[in-house]
Amino acid sequence: MVGHDERGTTMTGVDPGRLDDQQLMKELENIHRTRHDTLLYGSNDALRAHNERMAQLEGEYLRRNPGRVVAAGRTREGARDRDAGGTPPHGPGATEGG
């Protein structure tokens with residue numbers, strides 16, 4: 001694991017409710033970027049702390065953005081259409097080629 005030392009540390013951070021929108025997005029980007037290494041190489045305690053922090057940050061994002069755009073291809077119905085060979089969904093978040 002490059003650049004990570006989990007010994008004697010716990011995941012801490014500012015209460016997500018106190019972050020402004022830009023800070024919240026930066027925290028979310030960081031935690032998603034570090035997720036894979038934590039899953040593969042982190043201790044059970046590190047993974048548990050990562051899970052808790054990610055849930056806090058994502059929960060705050062969802063609280064602030066209840067009407068966020070959901071791409072049709074990211075729903076169960078959209079996935080079933082895709083699996084059935086239907087036309088790929090178009091709109092926000094959709095990409096060409098499925």
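A: Start with Arg53 and Glu27: their side chains meet in a salt bridge, 3.6 Å from N to O. Bear in mind that this is a predicted model.

Q: Where do Arg53 and Glu27 lie?
A: Arg53 is in helix α2 and Glu27 in helix α1, so the pair ties together parts 26 residues apart in sequence.

Q: Is Arg53 buried or exposed?
A: Arg53 counts as buried, because its relative accessibility is 6% and the cut-off for buried is under 20%.

Q: And Glu27, what's its relative accessible area?
A: It is 31% for Glu27, which makes that residue partly exposed.

Q: How many salt bridges does the count come to?
A: The count comes to 5 salt bridges. One of them joins the side chains of Asp21 and Arg64, at 2.7 Å from N to O. Asp21 lies in helix α1 and Arg64 in helix α2, so this pair ties together parts that are 43 residues apart in sequence.

Q: Asp21, buried or exposed?
A: Exposed. Asp21 has 53% relative accessibility, and the cut-off for exposed is over 50%.

Q: What else does Arg64 form a salt bridge with?
A: With Glu60. The closest N and O atoms of Arg64 and Glu60 are 2.7 Å apart. Both residues sit in helix α2, 4 residues apart, which is about one turn of the helix.

Q: Why would residues four places apart point the same way?
A: An α-helix has 3.6 residues a turn, so residues three or four places apart point the same way. Side chains of opposite charge can then pair when their charged atoms come close.

Q: Which residues are linked in a network of salt bridges?
A: Asp21, Glu60, Arg63 and Arg64 are linked in such a network.

Q: Stay on Glu60. What's its relative accessible area?
A: Glu60 has a relative accessible area of 10%, so it is buried.

Q: What does Glu60 touch, leaving out residues up to four places away in sequence?
A: Glu60 touches Pro16, Gly17 and Leu24. Of these, Leu24 is among the buried residues of α1.

Q: New topic: α2 as a whole. Which residues of α2 are buried?
A: Ala46, Leu47, Ala49, His50, Arg53, Met54, Leu57 and Glu60. Looking down the axis of α2, these buried residues fall within an arc of 160°, so they line one face of the helix.

Q: What's exposed on the other side of α2?
A: Asn44, Asp45 and Arg63 are exposed there.

Q: What covers the buried residues of α2?
A: The cover includes α1, residues 21-41. Seen from α1, its buried residues pack against α2.

Q: Which residues of α1 are buried?
A: Leu24, Leu28, Ile31, Thr34 and Thr38 are buried in α1.

Q: How about His50, buried or exposed?
A: His50, which is found in helix α2, is buried with a relative accessible area of 1%.

Q: Helix geometry next. What should α2 span?
A: Helix α2 runs over residues 44-64, which is 21 residues, so at 1.5 Å a residue it should span 30 Å. The end C-alpha atoms of α2 are 30 Å apart, which agrees.

Q: And what should α1 span?
A: The 21 residues of α1 should also span 30 Å at 1.5 Å a residue, and its end C-alpha atoms are 30 Å apart, in agreement.

Q: Where is the kink in α1 centred?
A: On Arg35. The kink in α1 is about 40°.

Q: What happens at the start of α1?
A: There, a side-chain oxygen of Asp20 reaches to within 3.1 Å of the backbone nitrogen of Gln22.

Q: Zooming out, what does the secondary structure of the chain come to?
A: The chain has 3 helices and 0 strands. From the N terminus on, the elements run α-α-α.

Q: How much of the chain counts as buried?
A: Of the 98 residues, 19% count as buried.

Q: And what share of the contacts comes from residues 24 or more positions apart?
A: Such residues account for 54% of the contacts in the chain with a separation of 6 or more.

How values were computed
Residues numbered from 1 in each chain as written. Predicted model: local features only at pLDDT ≥ 70, side-chain atom pairs only at ≥ 80, totals over all residues. Heavy atoms only, no water. Helix = DSSP H or I, 4+ residues; strand = E, 2+ residues; numbered from the N terminus. Expected span 1.5 Å × (residues − 1). Buried < 20%, exposed > 50% of the residue type's maximum accessible area, 1.4 Å probe, protein only. Arc of directions from axis to C-beta. Contact = heavy atoms within 4.5 Å. Salt bridge = Lys/Arg side-chain N within 4 Å of Asp/Glu carboxyl O. Bend = angle between axes of the 7 residues up to and from the residue. Polar contact = N/O pair within 3.5 Å; in protein donor to acceptor, adjacent residues only side chain to side chain.
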